[in-house]
Amino acid sequence: MNDKDVKCRVCGEGKVIRKGKRRTKYGCRQLYYCKACGKGFVDCRMRNKTYGPNVIANAISYYNLGNSLEQSAKLVNKRFKVITAKTSVHRWIEEFRSICTYSKLRNRVLMDYIRA
Ligand SMILES: [Zn+2]
């Protein structure tokens, strides 16, 4: 985790300081506090930057469509020419089941997939 990458999600100024951690059922999240606007927020960026949002969204979609973790990993590996493990897929599912902004994207991708 590089704190220089952390931008304020409220005002976009990017002048944030760490303000402890909050333990959620999805794991420990870093809390940040913005010096510019005074708002606090929880960092919920994707931890794994090796794979793009499409890979992750599709892996989650495959899983939601009834595939096992292993099948989902294989399907996404084949489609995107990547090498993901079922443990990665599991972690993504756990991460993006959270309160973070990803659920909208996931639902959209899932809808696209179902229509296709
Ligand atoms: Zn701010």
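User: Is Phe41 buried or exposed in this model?
Analyst: Happy to start there, and please keep in mind that this is a predicted model. Phe41 has a relative accessible area of 8%. Anything under 20% is called buried, so Phe41 is buried.

User: Which ring pairs with that of Phe41, and how are the two arranged?
Analyst: The structure holds one aromatic pair. Its rings belong to Tyr32 and Phe41, with centres 5.8 Å apart and planes at 25°. Planes under 30 degrees apart count as stacked, so the partner is Tyr32 and the arrangement is stacked.

User: And is Tyr32 buried or exposed?
Analyst: The relative accessibility of Tyr32 is 3%. With the limit for buried set at under 20%, Tyr32 therefore counts as buried.

User: Which residue lies over the face of Tyr33, and how far is it from the ring centre?
Analyst: Here a charge sits over a ring, which asks for a distance within 6 Å of the ring centre. The residue over the face of Tyr33 is Lys19, at 4.6 Å.

User: Could you step back to the whole chain: what is the order of its elements?
Analyst: Gladly! The chain has four helices and three strands. Read from the N terminus on, the order is β-β-β-α-α-α-α.

User: What share of the residues is buried?
Analyst: The chain has 116 residues. Of these, the buried ones make up 34%.

User: What share of the contacts joins residues at least 24 apart in sequence?
Analyst: The count takes contacts between residues at least 6 apart in sequence. Among those, the share that joins residues at least 24 apart is 46%.

User: How are α1 and α3 oriented to each other?
Analyst: Helix α1 spans residues 53–64, and its axis lies 9 Å from that of α3. The angle between the two is about 90°. Angles of 65 to 115 degrees belong to one class, and α1 and α3 are therefore roughly perpendicular.

User: What kinds of residues make up the contact of α1 with α3?
Analyst: From α1 come Val55, Ile56, Ala59, Ile60 and Tyr63, and from α3 come Val89, Trp92, Ile93 and Phe96. Sorted by kind, the residues of this contact are no polar, no charged and nine nonpolar.

User: How are α2 and α3 oriented to each other?
Analyst: Helix α2 covers residues 69–80 and helix α3 covers residues 86–96. Their axes are 8 Å apart, at an angle of about 100°. That angle makes α2, relative to α3, roughly perpendicular.

User: And what kinds of residues make up the contact of α2 with α3?
Analyst: On the α2 side are Leu69, Glu70, Ser72 and Ala73, which meet Lys86, Val89, His90 and Ile93 of α3. By kind, the residues in the contact of α2 with α3 are two charged, two polar and four nonpolar.

User: Which residues does Ala73 touch, leaving out those up to four places away in sequence?
Analyst: Ala73 sits in helix α2. With a relative accessible area of 3%, Ala73 is buried. Outside its sequence neighbours, Ala73 touches Thr84, Ala85, Lys86 and Val89.

User: Where does Lys81 lie, and what is its phi?
Analyst: Lys81 lies in the loop between α2 and α3. At 74% relative accessibility, Lys81 counts as exposed. Its phi is positive in a residue other than glycine, with a value near 55°.

User: How far apart in space are Ser88 and Glu70?
Analyst: Ser88 belongs to helix α3 and, at 10% relative accessibility, counts as buried. Along the sequence, Ser88 and Glu70 are 18 residues apart. From C-alpha to C-alpha, the distance is 10.0 Å.

User: Is Arg97 buried, partly exposed or exposed?
Analyst: Arg97 is placed in the loop between α3 and α4. Its relative accessibility is 45%. Buried needs under 20% and exposed over 50%, so Arg97 counts as partly exposed.

Conventions. Residues numbered from 1 in each chain as written. Predicted model: local features only at pLDDT ≥ 70, side-chain atom pairs only at ≥ 80, totals over all residues. Heavy atoms only, no water. Phe/Tyr/Trp six-rings, centres within 6.5 Å; stacked < 30°, edge-to-face > 60°. Buried < 20%, exposed > 50% of the residue type's maximum accessible area, 1.4 Å probe, protein only. Lys NZ or Arg CZ within 6 Å of the ring centre and 35° of its normal. Axes fitted to C-alpha atoms, helices over the stretch in contact; angles between N-to-C directions. Parallel < 35°, antiparallel > 145°, perpendicular 65-115°, else oblique. Contact = heavy atoms within 4.5 Å. Nonpolar A, V, L, I, M, F, W, Y, C, P; charged D, E, K, R; others polar.
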